[in-house]
Structures are given as C-alpha cells and as structure tokens.
Amino acid sequence: MKFDVLVLGAGIVGTSTAIHLQSRGLTTALIDRGAPGRETSFGNAGLIQREGVYPYAFPRDVGTLLRYARNQSTDVHYHPSALPGIAPFLARYWHHSAPQRHARIARQYSTLIEHCVTEHKALIGLAGADDLLREGGWLKVFHTRGALDAAHQEAERWQREYGVPFERLDAARLQRDEPSLSTALVGAIRYTASNSIRDPGELVARYAQHFTSIGGRILRGDATTLTPHWHVQTTEGDIEGRQAVVAMGPWSDTITNALGYRLPLAVKRGYHRHFRPEPGARLNQPVLDAESGFLIAPMNQGIRLTTGVELALRDAPRTPVQLAAVEPLARRLFPLGAPVEPEPWMGCRPCTPDMLPIIGPAPKHRDLWFAFGHAHHGLTLGPVTGRLIAEMLTGAPTLVDPSPFRADRF
C-alpha cells in the first residue's frame with residue numbers, strides 16, 4: 001500500500017495531523033500499535049487551556065527547590081535512580097525557566113495557545129463530538145488568602161499581556177457555583193475562555209472516526225520499523241509513504257534516535273483514577289487545588305483525580321505514591337466515593353527543556369516531519385499542531401510562525 005503521508009502515533013496530535021492532511025487531499029495512513037487515544041491522550045485532565053500562555057517552568061526559588069529535594073511533596077515526586085540520566089535535561093530546563101527567558105518563551109508559545117479553543121471546536125464540529133465539550137472555564141481553588149492573591153496577580157498579568165480573561169470568586173460565590181466543594185476554601189480563580197473535555201480518550205476516538213469517514217486509513221503497526229524512504233511494517237504488510245510524520249509523544253525518541261537525532265526529550269509521568277461521587281454530590285467543572293498539587297475533573301467515567309509530576313524514566317515501574325498522598329486531600333475537598341478502576345492509570349508527558357514543542361521538518365531527512373514534545377498541553381495543542389504540520393507540508397500559508405518550534409533549535 002502506498003500513501004502520500006504516514007502519520008506515526010494516533011494520540012491527539014497524530015490524529016489531528018492526519019485529519020488535516022487527509023482533508024487537504026493527501027492520502028494519509030495513521031499508524032499505531034493500539035487504538036487511537038488509548039495512551040498519553042487518554043489520561044489527562046481534559047483541559048483545553050486558553051490561559052496556558054506560560055508553559056510550566058522549573059522552580060527557581062530556594063524554598064521550593066528544598067521542598068522538592070526532600071521528595072515528600074504532593075505535586076512533584078522523583079525517582080532518585082533516574083536523576084543521573086535526566087540531570088542534563090533538568091539543568092537545561094532550569095536555565096530556560098529564568099524569568100526573562102520564560103517570558104520570551106511565552107511570547108512564542110502563546111501564538112499556538114491563542115488558537116487552541118477555536119481549532120478544537122472546528123474538529124469537534126466535524127467529528128460530531130459536541131457532547132464531549134464543556135464550556136465555561138475551569139477553577140483554581142485556594143485554602144489561603146495569600147495564595148489566592150498571588151494567583152490573582154498572575155492572572156492579571158496574563159490578561160494584560162495576552163488578553164486571557166478570568167474572574168475572581170470569593171468564598172460565597174464559589175459555594176454557589178460548586179456547592180459540593182469544601183466550605184474551608186477562601187476563593188478561586190476561574191479561567192473563563194478555557195474549555196474542558198468529558199472524556200479525552202473518546203474525543204480522540206471521535207476524531208479518528210472522522211478521519212476514516214473522509215477516506216483516511218488507520219493501521220496497526222510498529223512505528224519503530226520506519227525506514228527511509230518511508231516504509232513501516234503493519235499488520236497488513238509493508239506500507240509506503242512519500243512523507244512521514246513522527247507524532248508518538250513520549251515514544252518519539254525511539255524513532256528519532258534510530259535516525260541519528262539527539263533531541264533533548266524527557267518525560268513527566270502522571271497518574272489518574274476515577275471515583276464515584278457520594279450521593280447528592282456534584283462537580284460542574286474541573287477544579288485544581290493549586291496549593292496541594294492535584295486536580296479533580298468530572299468525566300463520563302466518574303470524578304477523575306489527577307496528580308502532578310513524577311520525574312522518572314519513561315519505562316520505569318509505576319510508583320503511584322502521589323495519588324495515594326493526594327486522595328485524602330481530595331476527599332476533604334470534594335466527597336469522593338468508591339474508586340471505579342481497581343488500579344490507577346499512568347501516562348507520560350513528553351517534554352523539551354525549553355518548554356516548546358517540536359513542530360516542523362526533520363533537519364537531516366527529506367520529507368520527514370516532527371510533531372511532539374507538548375508536555376502538559378498535548379490535548380490543548382493537538383489540533384493547532386495538526387493544522388500547522390499540514391500547512392507546512394503542503395506549502396500553504398501557516399496559521400502561526402513555525403520557526404520557534406523547529407527541531408534544529410537544539
């Protein structure tokens with residue numbers, strides 16, 4: 001079988017890319033070892049973060065670093081055995097997180113973020129997935145006045161610099177909007193322009209169904225068999241493409257390393273588990289407990305409790321200690337009932353040290369494209385990335401300037 005383009009990886013980024021390519025008249029094959037949306041894209045918090053103009057930086061204040069060094073924080077956990085291997089990545093991450101550098105990165109990153117809601121809505125409409133979309137924003141809640149005031153100042157800065165709207169809720173307003181939340185909260189910040197998804201894995205599945213409805217092919221295969229110029233082994237035999245796109249999230253380096261690239265890709269692992277709400281309890285929107293380092297979100301499967309960051313090697317054994325640590329805190333925040341699944345889910349966020357994704361042509365290979373490294377914003381930026389790759393690949397005018405995201409910046 002021959003195609004114009006082979007897209008490797010059927011997560012939110014790869015599936016969105018495949019849709020944009022197929023809709024532009026290019027015969028496209030979407031290749032994955034499993035069903036679309038069953039890996040990293042399955043387990044996120046479901047946020048489409050219009051407010052996320054500043055990617056998550058490495059902390060630089062001594063107090064926070066010392067707290068993390070003790071490895072007892074609820075929002076960050078690390079495997080000591082992994083530190084020698086990821087230390088060079090963390091050093092570069094720390095370097096790029098300096099305030100002036102972070103602000104420059106935000107100016108570049110915001111060009112993608114500003115289109116995240118409109119690009120998702122376009123694909124949601126095409127895929128008939130309106131039932132999965134929740135509009136109206138999400139909440140960042142606080143237990144102390146000082147933390148709330150600091151978050152308010154940050155939100156004002158984002159609004160002033162990038163036009164990101166928000167509203168501050170006092171305790172009384174928060175209780176009216178979310179009566180099942182703890183009455184001990186002092187208030188919240190709501191990012192009103194952001195949206196959320198009731199089932200991220202199902203959203204990717206709907207996007208994939210739309211892709212096949214417009215003539216695309218989804219094939220099971222081993223992306224690590226990719227060879228120039230360009231062949232991949234699938235369950236239906238060898239397939240060939242004139243061009244190829246690597247969109248394999250945290251597994252992208254298995255391809256790029258084999259092709260001679262040494263891109264600084266690391267992972268931040270995370271966990272989730274669903275819980276039934278107690279009778280009569282209701283959660284209307286995602287809620288981040290910013291001071292405790294966890295998020296709860298109403299999903300079709302139940303209330304999804306998600307953790308912060310685990311710094312570990314991608315394939316290291318699971319250690320869901322953060323989930324165990326935050327579950328009692330989450331139960332004090334919201335009346336969670338019994339867990340839905342017998343075991344927690346774990347996924348990996350693919351990260352670069354400068355916090356920008358890698359989107360664009362491969363420097364050393366003709367007709368090869370990269371689309372990975374979206375860290376915490378893979379769901380948010382999937383459709384934007386897909387459109388940008390399709391525009392570059394076809395030579396069309398691009399939605400944004402792609403140069404900050406090029407692979408050869410490393």
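Three strands build an open sheet in the order 3-9-5, with antiparallel pairing. Strands here are DSSP runs of E with at least two residues, helices are runs of H or I with at least four, and both are numbered from the N terminus. Two strands count as paired if DSSP finds at least two bridges between them. Strand 3 (47-48) and strand 5 stand at the edges with a single partner strand each, so one side of each has no neighbour in the sheet. Strand 3 is joined to strand 9 (residues 195-197) by two bridges, and these strands run antiparallel. Across that pairing, Ile 48 stands opposite Asn 195 of strand 9.

A word on the model itself: it is predicted, local features need pLDDT of at least 70, side-chain atom pairs count only at pLDDT 80 or more, and totals for chains, interfaces and linings use all residues. Residues are numbered from 1 along each chain as its sequence is written, and side-chain values use heavy atoms, with hydrogens and water left out.

The UniProt record, an unreviewed entry, annotates residues 4-392 as "domain: FAD dependent oxidoreductase". UniProt positions follow the numbering used here, feature names are shortened, and annotations may be inferred rather than shown by experiment. The span of residues 4-392 is 35% helix and 28% strand, and its end C-alpha atoms lie 15 Å apart.

Next comes a hairpin. Strand 20 (residues 358-361) pairs with strand 21 (residues 368-372) in the antiparallel sense over four bridges. Gly 360 has Phe 370 of strand 21 as its bridge partner. Six residues lie between the two strands, and in this hairpin Asp 367 takes a positive phi near 65°.

Which helix packs with helix 1 (residues 12-23) at an angle of about 35°? The partner is helix 11 (residues 378-394), and the two axes are 7 Å apart. Axes are lines fitted to C-alpha atoms, for helices over the stretch in contact, and angles run from 0 to 180 degrees between N-to-C directions. Residues in this contact (heavy atoms within 4.5 Å) include Ile 12 and His 20 of helix 1, and Gly 382 and Leu 393 of helix 11. The residues of the contact divide into eight nonpolar, seven polar and one charged. In this grouping, Ala, Val, Leu, Ile, Met, Phe, Trp, Tyr, Cys and Pro are nonpolar, Asp, Glu, Lys and Arg are charged, and the others, Gly among them, are polar.

The structure holds 23 salt bridges, each being a side-chain nitrogen of Lys or Arg within 4 Å of a carboxyl oxygen of Asp or Glu. One of them joins Arg 206 and Asp 131, with the closest N and O atoms 2.9 Å apart. Arg 206 lies in helix 8 (residues 200-213) and Asp 131 in the loop between helix 5 (116-127) and strand 5 (133-134), so the pair ties together parts that are 75 residues apart in sequence.

Most residues other than glycine have a negative phi, and most peptide bonds are trans.

| Residues joined | Omega |
|---|---|
| Pro 228 and His 229 | about 5° |
| His 229 and Trp 230 | about -15° |

His 229 is found in the loop between strand 10 (217-227) and strand 11 (231-234), and Trp 230 also belongs to the loop between strand 10 and strand 11. Met 355 is not a glycine, yet has a positive phi of about 70°; Met 355 sits in the loop between strand 19 (345-351) and strand 20.

Finally, Leu 288 is in strand 14 (residues 287-289). Leaving aside neighbours within four places in sequence, Leu 288 contacts residues including Trp 138 and Phe 294.
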